[in-house]
Amino acid sequence: HPGFGFGFGWGGGSGGSTGGGGGYSSLFPQFYQFTCPQVDEIILSVLEPTIARNPRMAASLLRLHFHDCFAQGCDASVLLDNGASIVSEKRSFPNINSLRGFEVIDEIKEKLEEACPGVVSCADVVALAARGSVMLSGGPNWELPLGRRDSKTASVSLSNNNIPPPNSTIQNLITLFQRQGLNEVDLVALSGGHTIGVARCFTFKQRLYNQNGNNQPDETLERTYSNELRSMCPPSGGDNNITPLDLASPARFDNAYFKLILWGKGLLTSDEVLLTGRVRKTMELVKAYADDEALFFEQFAKSMVKMGNLGPLTGSNGEVRKNCRRVN
Ligand code: HEM
Ligand SMILES: [Ca+2]
C-alpha cells in the first residue's frame, strides 16, 4: 500500500524549536470585571445557538485554542490571515484543511467590539470559546485566568514543529508537551479533548494498512473497529472522510475516550500509545480517567488553565486586535 509512509510527522519538515513558556503568569479571572463585565454573557450568546445547531463546532473551538497555545503561546497568532508581514499559521501542516471555527471567533469578537471596543483580546476570546465549548458539551467548567494580549506575528515553523503529529510515539508526545512546560498528567488529561470531534482518514490511515512498514494494520487496534475504519477509509482515496475521535459519544464531553482506549478503540496512534506506549505513568492515568470521570474533569480543567497560561503577552506587550484576522 504505497501512498502513506510510516515515518513520524505531518508529512512536512521536522526538527526542534522551542516554544511557549509555562511558569509564572499574571493572568487573572476578573480581568474584564470593570472594562467588559458582559464578556461571559456575550461569549455564550454566540456559542449556545452555534453549538446547538452544529455540535462539532465545540470540538473545533477547543482544538483552535490548543493549536494557538502550542505555537508561540496563547496569543491568537493562529487567527492571523496572510498579510504584508504575516505568513499565516493556517497554512501549517497540522492546520491546513483542518482547523475551523474562525467565523465563530469573528462573530464573538464583533459583538464584543460593539459592547466594549478595543478591550477583549482575540487570545482571550479563543480561550473563553474553548472553555464555553467544553461546558456546553457536558464537560467541566472552570475559572479562567484572562488578560492575554494578541501577537503581531505568527509562526508557521513553530506550528509545524511544536504541535504533535497523530502518529507520534509516546516519547515524542511527552517531549513535545515538555517543551511547553506540560507533563505526562497534562498530556493524558488534555488528550481527553478527543472525547469530542472528528478526524480525517488521512490522520490515522497508516494504522489500518501499514503501521510499521510491513503492510500490516496496527495490532493494538481492535479488529471489528479496524474493519469498520477500513470500509470508511479505503487504501487509496477518501483521505478527507471523517469519523469520530470518540465513537461512543462524539458530541458529548465525557470520559468515554479513555474507556475506548482500553478496548483498543482509540482512533489515532497518539491516543492508543497513551496506554500501549510502555510508559507506566500515562498507562495508569488512562485507566484512572476511564474509571473516574470526575477525576478526569478535575484534571482536564487544571491542565487547560496550565495550557492557557503558555507564553501569554501581557501588560504593554502585543496589542488588542480590532479584527482577529489582522494586526491593527
Ligand atoms: C496529544 C497530541 C495530539 C495529537 C497528536 C492530536 C491530533 C489530532 C488530529 C490528527 C486531529 C484530527 C485533525 C484532522 O482530521 O484534520 C485532532 C482533532 C482534534 N483534537 Fe487533537 N491532538 C492532540 C492533542 C489535542 C489536545 C491537547 C486537544 C485539546 C485539549 C485536542 C483537541 C482536538 C479536538 C477537539 C479535535 C476535533 C476537532 C474537530 O472536530 O474539528 N487535541 N487532533
Ligand atoms: Ca499562538
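**Exercise 1.** Determine which element gives the largest share of the shell around ligand 1, and describe the rest of that shell.

*Solution.* The largest share, six residues, comes from α2, where helices (H or I, at least four residues) and strands (E, at least two) are DSSP runs numbered from the N terminus. This is a predicted model, in which local features need pLDDT of at least 70 and side-chain atom pairs count only at pLDDT 80 or more, while totals for chains, interfaces and linings use all residues. Residues are numbered from 1 along each chain as its sequence is written, and chains are lettered from A and ligands numbered from 1 in the order in which they are written.

Next, count the shell as a whole: 26 residues surround ligand 1, the closest being Ser98, Gly193, Gly197, Ala199 and Arg200, where a residue is near if its C-beta atom, placed from the backbone, lies within 6 Å of the molecule. Two or more residues are given by each of α2 (56–69), α7 (184–191) and β1 (198–200).

Finally, turn to the domains, whose bounds come from an automatic or database domain assignment: domain 1 (39–161) and domain 2 (164–305) each supply at least three residues of the shell around ligand 1.

**Exercise 2.** Describe the protein through its elements and its buried residues.

*Solution.* Begin with the elements, which are 13 helices and two strands. The C-alpha atoms fill a box of roughly 60 × 45 × 40 Å, taken along the principal axes. Of the 328 residues, 47% are buried, that is, 20 or more other C-beta atoms, placed from the backbone, lie within 10 Å of their own.

Terms used
A residue is buried if 20 or more other C-beta atoms lie within 10 Å of its own, exposed if 12 or fewer, and partly exposed in between; C-beta atoms are placed from the backbone.
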